[in-house]
Amino acid sequence: MTARTPQLPPVVQRAAARATPFLLPIWFIVGSLHKLITFWTEDLIAIDYWIYREAGLLALSGGDPWTASYNGFRFAAPPPTVIPYAGLALLPDMVGLAVSVVVLVAAAVVTIRVLRLPWYWLFFPPLFESLLAQNADILIVALLVMGPGWGALAPMFKVYGGIPLVFQKRWREAFLAGVLCLVSLPLVPTYLAQFGELSRVLEEQASGGFSVWGSLFMIPTVIALWVLGRVRAGWMIVPAIWPSTQPHYSCLAIPVVRESRMLAAIVSIPIPGAAAAGCVYYALVLTWRQRRAARAARSSVIAPESSLG
């Protein structure tokens with residue numbers, strides 16, 4: 001006599017089925033509300049706009065962009081990032097801020113529409129943080145998913161925007177991106193002269209970083225990225241193992257985490273190693289699915305053969 005598997009009462013099962021679709025939106029909204037309160041109370045709203053604008057102004061006046069700072073945070077991005085923000089710095093400060101807000105909100109909407117995601121993904125905490133800080137991470141995702149050609153602009157805002165181009169073998173866009181980045185070549189010597197200090201600044205400002213860079217956890221994470229495959233790895237590598245990351249870097253994971261509610265929930269947690277943990281979790285899920293499909297395929301072949309006997 002085999003033991004029966006315990007089951008929840010039908011009423012509980014129906015209630016759970018009805019509640020499940022709302023769990024991820026609630027998770028996103030609660031996480032974003034927490035970020036809004038934090039940014040508001042700590043005077044961090046639009047902080048990246050002000051830092052990058054100051055860097056752009058210094059570049060236009062012939063100064064050192066890497067001395068720019070705002071509210072105790074210092075500019076430390078690579079030279080290509082200076083170029084678009086130097087252009088934005090030509091505008092009056094509040095006009096430039098308005099342009100930045102419109103562009104990044106539009107980028108968020110474009111990303112949601114192109115990837116055919118529900119509206120609540122606007123509250124995906126890394127995306128929402130990108131909007132709060134006025135950081136270009138959501139813009140580079142939009143540029144990369146909009147279609148051929150647009151992705152060449154992504155590395156101008158964030159150099160790691162070129163990683164998905166390479167992993168997806170979008171060679172023409174990667175080449176064009178490299179050509180565009182040559183505009184910042186005169187700034188490279190100044191940047192390289194301070195590279196060690198700027199790396200330390202980035203790490204301090206990111207509170208050590210939210211990836212698993214430099215830790216033993218890189219080993220299972222790299223294995224998981226390999227299991228995820230070339231295209232998925234191209235999106236996940238920055239949130240998972242890039243040095244000195246912040247939560248909004250996980251915007252790049254959106255094209256992958258949309259495949260799994262649990263993965264999206266894990267990656268949206270603002271703690272170190274969350275994106276790496278998400279990679280390992282999803283690699284295990286995909287491996288299990290592949291093995292289950294293989295067993296099902298073998299069973300479908302064996303069953304007809306046995307029926308012939």
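What share of the 309 residues in the chain is buried? In this predicted model, buried residues account for 46% of the chain. The secondary structure comprises 16 helices and 2 strands, and the C-alpha trace spans about 85 × 40 × 35 Å along its principal axes.

The count of salt bridges comes to 5. One of them joins the side chains of glutamate 129 and lysine 35, with an N to O distance of 2.6 Å. Because glutamate 129 belongs to helix α5 (residues 125-133) and lysine 35 to helix α1, this pair ties together parts that lie 94 residues apart in sequence. Glutamate 129 has a relative accessible area of 6% and is therefore buried. Lysine 35, at 7% relative accessibility, is buried as well. A salt bridge is also formed by the side chains of arginine 170 and glutamate 173, at 2.8 Å from N to O; both of these residues are buried.

In a further salt bridge, the side chains of glutamate 204 and arginine 200 meet at 2.9 Å, N to O. The two residues are placed in helix α11 (residues 195-205), 4 residues apart, or about one turn of the helix. An α-helix has 3.6 residues a turn, so residues three or four places apart point the same way. Glutamate 204 counts as exposed, since its relative accessibility is 52%, a value over the 50% cut-off. Arginine 200 has a relative accessible area of 41% and is partly exposed.

Helix α12 (residues 218-228) contains the buried residues Met218, Thr221, Ala224, Leu225 and Leu228. Viewed down the axis of α12, its buried residues fall within an arc of 120°, so they line one face of the helix. Ile219 and Trp226 are exposed on the other side of α12. Glycine 229 follows α12 and has a positive phi, near 100°.

A nonpolar patch of about 520 Å² is made by Leu33, Leu36, Ile37, Trp40 and Ile45. Within this group, tryptophan 40 is located in helix α1 (residues 10-41) and is exposed, with a relative accessibility of 66%. A positive patch consists of Arg289, Arg291, Arg292, Arg295 and Arg298. Arginine 295 is found in helix α16 (residues 274-308); its relative accessible area of 43% makes arginine 295 partly exposed.

Technical notes
Residues are numbered from 1 along each chain as its sequence is written. This is a predicted model: local features need pLDDT of at least 70, side-chain atom pairs count only at pLDDT 80 or more; totals for chains, interfaces and linings use all residues. Side-chain values use heavy atoms; hydrogens and water are left out. Patches are made of residues with over 30% relative accessible area and no salt bridge: like charges are joined within 9 Å, nonpolar side chains (Val, Leu, Ile, Met, Phe, Trp, Tyr) within 5 Å. Accessible areas come from the Shrake-Rupley method with a 1.4 Å probe; for residues, only the protein chains shown count as cover. A salt bridge is a side-chain nitrogen of Lys or Arg within 4 Å of a carboxyl oxygen of Asp or Glu. Lys and Arg count as positive and Asp and Glu as negative; His and the chain ends are not counted. The place of a charge is taken as NZ of Lys, CZ of Arg, CG of Asp or CD of Glu. Buried means under 20% relative accessible area, exposed over 50%, partly exposed in between (1.4 Å probe, protein chains only). The arc is that of the directions from the helix axis to the C-beta atoms.
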